[in-house]
Amino acid sequence: MVYKSRIKFAIDNFIIDNYFLPMKNIYELKETADSGKSVLKVNIENENICIEDYDNKPKCVFTREDKKYCMRKSVDHVLLLNDNDNWILHLIEMKSSLGNRTWIEVKGKFRASYLNMKALCEFLGISLSSVCTYTTFEKESFNTIQNLADPKTLLPMLGEKAIDPKKDEWDKNIVTLNFGEGISFPHKSVKMTRNPNGELVGELSI
């Protein structure tokens with residue numbers, strides 16, 4: 001499989017070497033941190049662009065460094081899928097466990113990654129038609145506002161509307177990100193299982 005001429009030109013002339021994986025229809029994307037090793041098998045059809053270990057790849061350096069804005073954070077892996085010249089952005093974050101505070105962190109990564117990828121797509125000469133987000137996990141322990149002794153633990157990121165992450169997002173398969181206004185994207189939770197080696201493993205078809 002080969003990329004169309006405009007994309008290939010950008011890869012060869014604009015982007016640093018080895019930023020993307022060679023194009024395939026099956027990827028095994030890994031999280032190698034000692035805190036939680038994971039392997040996700042991704043099946044994807046048609047022309048695609050894959051960035052593995054995206055959180056450790058260079059990105060836009062003009063964004064704010066303050067942790068509260070999460071602009072220097074990013075998801076673990078990114079896939080771009082060409083569906084009849086409509087490019088779909090897939091953002092994948094890998095977690096061992098998820099809860100209210102972890103979800104806020106994940107949302108920050110989705111937002112920063114979305115913005116950085118929009119910039120990268122300009123270099124590649126492609127336009128995004130839609131965005132899908134994914135979180136892999138073994139355990140989830142969300143609390144609703146009603147079940148919390150201290151509702152302040154659900155304080156949103158700066159400028160965000162207070163919402164119940166379990167009821168308003170996780171259960172509805174959406175994630176709402178703050179861009180001055182809330183914009184919602186589809187979200188899919190991917191349940192992982194632990195193998196005898198202690199790794200979390202799972203599969204996703206895009």
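**Exercise 1. In strand 2, which residue is the bridge partner of L29?**

Before we start, a word on the model: it is predicted, so local features need pLDDT of at least 70 and side-chain atom pairs count only at pLDDT 80 or more, while totals for chains, interfaces and linings use all residues. Residues are numbered from 1 along each chain as its sequence is written, and side-chain values use heavy atoms, with hydrogens and water left out.

*Solution.* 
- Step 1: Find the strands, which are DSSP runs of E with at least two residues, numbered from the N terminus. Strand 1 covers 26–31 and strand 2 covers residues 38–43.
- Step 2: Check the pairing, for which DSSP must find at least two bridges between two strands. Strands 1 and 2 are antiparallel, with six bridges.
- Step 3: Read off the partner: L29 bridges to L40 in strand 2.

**Exercise 2. Work out the strand order of the open four-stranded sheet, and name its edge strands.**

*Solution.* 
- Step 1: Recall that strands of a sheet pair through backbone hydrogen bonds, either parallel or antiparallel.
- Step 2: The order is 1-2-12-11, and the pairing is mixed.
- Step 3: Strand 1 and strand 11 (193–194) each pair on one side only, which makes them the edges.

**Exercise 3. Classify the ring pairs F9–F14 and Y19–F20, then judge the exposure of each residue.**

*Solution.* 
- Step 1: Apply the ring rule: Phe, Tyr and Trp (its six-membered ring) pair if their centres lie within 6.5 Å, and planes under 30 degrees apart are stacked, over 60 edge-to-face, the rest tilted. This rule gives nine aromatic pairs.
- Step 2: F9 and F14 have 5.4 Å between centres and 85 degrees between planes, an edge-to-face pair.
- Step 3: For Y19 and F20, the centres are 5.4 Å apart and the planes stand at 80 degrees, so this pair is edge-to-face.
- Step 4: F9, at 45%, is partly exposed, and F14, at 42%, is partly exposed. Y19 is buried at 7%, and F20 is buried at 13%.

Notes. Buried means under 20% relative accessible area, exposed over 50%, partly exposed in between (1.4 Å probe, protein chains only).
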